[in-house]
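Me: I am new to this structure and would like to learn how to read its features one at a time. Please give the general idea each time, then the case at hand.

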Amino acid sequence: MINRKRLFWATTAIVGTLAGAGAASAQSTGTQATEVDEIVVTGARGPRSIDGAIVAENVGKSRSTITQEYIATQAAGQSINEVLNLVPGMNFTNNDPYGSSGGNIRLHGFDGNRIAQTFDGMPLNDSGNYALYTNQQLDSELIDRATVNTGTTDADSPSASATGGTINISSITPTEEFGGWVKGSLGDFNYKRIMGLVNTGAVGPWGTRAWLAYSDQSYDKFKGIGDLGKIQYNAKVYQPIRDNGDFVSLAAHWNRNRNNNYNGPNLFRNADGSLGSTADTSPFGWNVDFVPTYTAPTFRNGVADVDSNGTSYWGLRVNPSDTGNLRGQSRFTLAEGLIFTFDPSFQYVLANGGSQQTTLTETNAVLRGSKTTGGVDLNGDGDTLDTVRVMAPSNTHTQRYGINSSLIWNVNDDHSLRLAYTLDWARHRQTGAYGTIDFSNPSEPRFSNYFGGRNGETITNLDGYDLRGRDRLSYAELNQVAFEYRGKFIDDHLRLSLGVRAPFFKRDMNQNCYSAKGSSSVACTTQTTTVSPNSTSKYTYYRIGTSTTDYIAPYSREKTFDDILPNLNAVWRFDGASSVYFSYAESLTLPRTDNLYTVLYNTNGELISPILDPETSKTYDAGYRYQTGTLIASANVWYTQFQNRILSAYDPETNISTDRNVGDVDMMGFDAQLGYSPIESLSFYASASYNDSEIQDDYRSSSSTTIPVGGKSLVETPDWTFVLSAKYETGPLSAGIQAKYVGERWLTDVNDLAVPSYTVVNADARFDLGYFGFEGTNIQINVTNLLDEEYFGSLGTGLDANSSLYANQGPPRTIQASVRYAF
């Protein structure tokens with residue numbers, strides 16, 4: 001059976017004088033090598049932990065870590081970001097009970113696009129818009145630990161989007177013994193999952209180790225019609241070199257999602273100022289979702305047939321994705337005190353989402369192209385009189401290469417220097433080739449191919465041009481150098497880290513369609529164009545067909561950004577279990593592809609984007625830790641200056657509303673967490689977080705409208721969150737319960753409408769057959785949202801209560817049972 005004594009330190013007095021979390025919490029091998037401070041006391045190795053829910057930390061910044069011990073108690077197949085929801089300062093809203101629909105992150109008020117997440121040191125944020133797709137991440141059973149840095153980065157963070165902090169996940173290392181396990185899970189909503197892992201153990205003359213893993217899960221949506229499926233393949237090979245910590249490893253990951261989407265209710269303000277929701281008025285009640293039926297269209301020769309259905313039929317709302325990566329990690333001792341680390345990676349992405357459909361009249365201008373008459377028979381009824389539904393996907397295909405390397409010189413036991421180099425190069429292809437819809441069953445249509453015309457039959461106009469909604473190619477290249485000094489002073493009471501990183505970022509953009517002036521909207525067409533009367537001798541705008549909109553011809557342009565970002569942190573360790581720390585870090589989030597593909601000409605005839613500067617942040621953080629064998633506690637206060645925030649705002653010089661820098665936000669707060677185990681069989685965990693944000697300036701959304709957001713708080717950010725959990729073990733039985741309170745969150749920039757607070761309670765229980773000699777074999781029950789709380793999770797926010805606002809309903813009570821057999 002699992003012996004919890006291994007997780008405790010025998011002597012509180014000894015522990016109070018020793019360093020805490022080891023390097024496994026770090027995001028890269030280089031940072032791991034600089035933070036390593038492993039110790040051995042009474043047979044325990046590495047950082048102290050209270051049931052894996054909280055780990056002792058020794059770095060000079062606010063950091064929270066969970067380990068596989070805690071992760072294993074959570075629902076099988078669950079997103080790691082949902083498991084991290086107990087961490088102070090972080091709030092994650094899961095879009096379904098099991099995590100395959102993704103969710104939304106807020107970390108100290110920053111959204112997921114402004115938070116860097118890494119996987120064995122490899123950046124996971126999308127190379128174009130920096131989005132995090134939490135439904136595509138590593139199976140939680142394969143994660144050794146996950147770490148959240150609130151507001152700060154490591155010296156070598158390989159990210160162009162980290163104003164809000166970092167989340168780092170590390171995969172498990174193959175074991176030296178042969179073995180494995182098989183795990184099966186069943187749950188509400190027809191949930192079925194099977195997963196297995198095999199460890200080869202140390203084989204061959206060099207003791208090479210590896211593991212292979214496979215998982216397959218499927219379940220129905222918790223409301224409406226549709227299902228979600230995910231298949232994942234993972235493997236890792238690990239080769240130790242000597243006995244000094246040097247190694248080489250290579251890991252592979254493949255994830256395939258095929259999901260039907262959820263539809264959330266619209267939100268609005270009632271006459272009395274209270275929150276209203278279409279969930280209260282929908283015929284489906286709280287289970288409002290996409291339309292369950294489709295009126296079969298007619299196809300008759302000589303008759304102008306019209307597909308009168310909307311875009312809300314459930315069978316035509318899907319979210320497919322194929323993602324994979326290769327991750328290398330290595331460490332080499334070149335000479336005494338000189339260490340080189342090298343972490344290469346490759347990523348592949350093919351995905352699309354959204355409504356993905358539209359209707360076309362068979363004589364639509366885009367189908368005629370340069371022709372003034374005629375049309376295309378889209379439905380095959382022999383005429384060109386009809387209005388037919390087609391697939392209009394928004395595909396993204398990414399191929400991405402990365403390197404994260406460090407050269408570390410341990411001058412002596414007290415001082416070290418590190419020089420780091422990072423490369424992140426991505427080919428980001430965004431297309432929208434129209435595809436067909438399969439009407440073999442007219443009342444239950446399906447897309448002929450999940451990726452439309454990219455992988456299936458295309459729709460071609462009279463000029464032989466394949467119709468598309470977008471067509472652009474971007475190359476994103478980040479070159480970054482970083483330098484770090486670490487020192488120990490005053491008999492190791494003071495630990496100091498001084499670092500600086502210098503990112504140099506370039507984005508090459510190739511737009512193959514016509515771009516609407518000052519907008520990200522495009523026209524991909526072969527229609528006849530004419531020169532706009534708004535053109536000058538220095539630049540030319542075009543009109544397409546009979547449109548009066550000014551367009552810019554297909555173009556290529558380059559945009560570069562660079563910065564110098566210092567960071568420092570210090571820890572003072574008292575004699576005993578206490579320590580205090582302080583950190584300061586500067587970070588940035590660079591403009592996204594959509595920001596930079598919004599273009600217009602300036603008076604000099606230069607093609608420009610209204611975005612002038614990247615978003616930046618300066619974070620100050622001070623905290624206190626008390627860490628013994630039975631108690632791990634920390635508390636900190638923080639302050640962040642968020643500058644050059646990018647929003648859609650009115651530009652008086654161009655008379656266009658577009659994405660641009662609109663001002664600053666001041667943010668401050670308090671985080672605290674505590675893990676306590678008074679006796680071996682009982683442990684408690686609690687965390688609390690307070691967040692206050694203040695937007696500094698109003699901004700204009702049109703020539704006549706100013707949005708009064710100065711002094712307001714950021715949307716979707718709770719002021720208070722609290723977590724309280726407990727775990728008890730007796731013999732082969734263990735049980736845990738966890739409750740999280742999330743405070744009120746604003747829906748609108750002007751703070752005139754909010755969603756109420758909520759509390760979600762989760763519970764788990766396990767019967768460990770290791771107690772009877774079957775080591776690693778158990779039966780586990782998980783219940784999420786035990787009290788069946790009705791609440792709004794992820795939010796679609798807007799300017800004010802008159803905006804189009806929506807929300808995802810939080811998943812209801814869900815019960816899951818798992819059986820794990822180890823061999």
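Me: Which helices and strands each supply at least two residues of the lining of the largest cavity?

Reply: Bear in mind that this is a predicted model. Rolling a probe the size of a water molecule over the atoms shows where empty space is left. Here the elements that each give at least two lining residues to the largest cavity are α3 (68–71), α4 (80–83), β6, β43 (682–695), β46 (720–730), β47 (733–742), β50 (758–768) and β51 (778–784).

Me: How many residues line the largest cavity, and which lie nearest its centre?

Reply: The lining has 44 residues, and Tyr70, Gln74, Glu82, Gln738 and Asn762 lie nearest the centre. The space in this cavity is about 630 Å³. The structure holds 10 cavities of 30 Å³ or more.

Me: Strand β46 is on that list. Where do the side chains along β46 point?

Reply: In a regular strand the side chains alternate between the two faces of the sheet. In β46, Thr721, Val723, Ser725, Lys727 and Glu729 point to one face and are buried.

Me: How many bridges join β46 to β43, and how many to β47?

Reply: Strands of a sheet pair through backbone hydrogen bonds, either parallel or antiparallel. Nine bridges join β43 to β46, and these two strands run antiparallel. Phe722 of β46 is the bridge partner of Ala688. The pairing of β46 with β47 is also antiparallel and spans 10 bridges. There, Thr721 stands opposite Val742 of β47.

Me: What do β46 and β47 form, and how many residues lie between them?

Reply: They form a hairpin with two residues between the strands. Gly731, in the turn, has a positive phi of about 60°.

Me: Which strands are at the edges of the open sheet of five strands?

Reply: That sheet has the order β5-β11-β12-β9-β10 and mixed pairing. Its edge strands are β5 (63–67) and β10 (122–123), each pairing on one side only. Five bridges join β5 to β11 (residues 143–150), and the two run antiparallel. Thr65 stands opposite Thr147 in β11.

Me: Which residues touch the most other members of the largest nonpolar core?

Reply: In soluble globular proteins, nonpolar side chains tend to be buried together. The largest nonpolar core has 49 residues, and Ile66, Ile80, Leu84, Leu86, Met90 and Leu142 touch the most other members. Apart from this core lies another, of 18 residues, among them Phe561, Leu590, Leu596 and Tyr597.

Me: What is Ile80 in contact with, leaving aside neighbours within four places in sequence?

Reply: Its contacts beyond those neighbours are Ile66, Ile71, Gln117, Gln137, Ile143, Ala146 and Ile169.

Me: Which cysteines form a disulfide?

Reply: The structure holds one disulfide. Cys513 and Cys524 form it, with their sulfur atoms 2.0 Å apart. The link has 100° about the S-S bond and is right-handed. Cys513 lies in the loop between β29 (494–511) and β30 (514–516), and Cys524 in the loop between β31 (522–523) and β32 (529–531), so the pair ties together parts that are 11 residues apart in sequence.

Me: Are Cys513 and Cys524 buried or exposed?

Reply: A residue counts as buried under 20% relative accessible area. Cys513, at 1%, is therefore buried, and Cys524, at 7%, is buried as well.

Me: Where is Leu316 found, and where is Leu769 found?

Reply: Leu316 is in the loop between β19 (275–277) and β20 (318–335), and its relative accessible area of 0% makes it buried. Leaving aside neighbours within four places in sequence, Leu316 has contacts that include Tyr294, Arg389, Ile437 and Phe447. Leu769 is in the loop between β50 and β51 and is partly exposed, at 24%.

Technical notes: Residues numbered from 1 in each chain as written. Predicted model: local features only at pLDDT ≥ 70, side-chain atom pairs only at ≥ 80, totals over all residues. Heavy atoms only, no water. Core = buried A, V, L, I, M, F, W, Y, C linked by side-chain atoms within 4.5 Å. Buried < 20%, exposed > 50% of the residue type's maximum accessible area, 1.4 Å probe, protein only. Contact = heavy atoms within 4.5 Å. Disulfide = S-S within 2.5 Å. Helix = DSSP H or I, 4+ residues; strand = E, 2+ residues; numbered from the N terminus. 1 Å grid on protein atoms, 1.4 Å probe; cavity = no way out; pocket = protein on both sides within 12 Å on 5 of 7 lines; lining within 4 Å. Points joined across faces, edges and corners; volume = space filled by probe spheres on them. Pairing = 2+ DSSP bridges.
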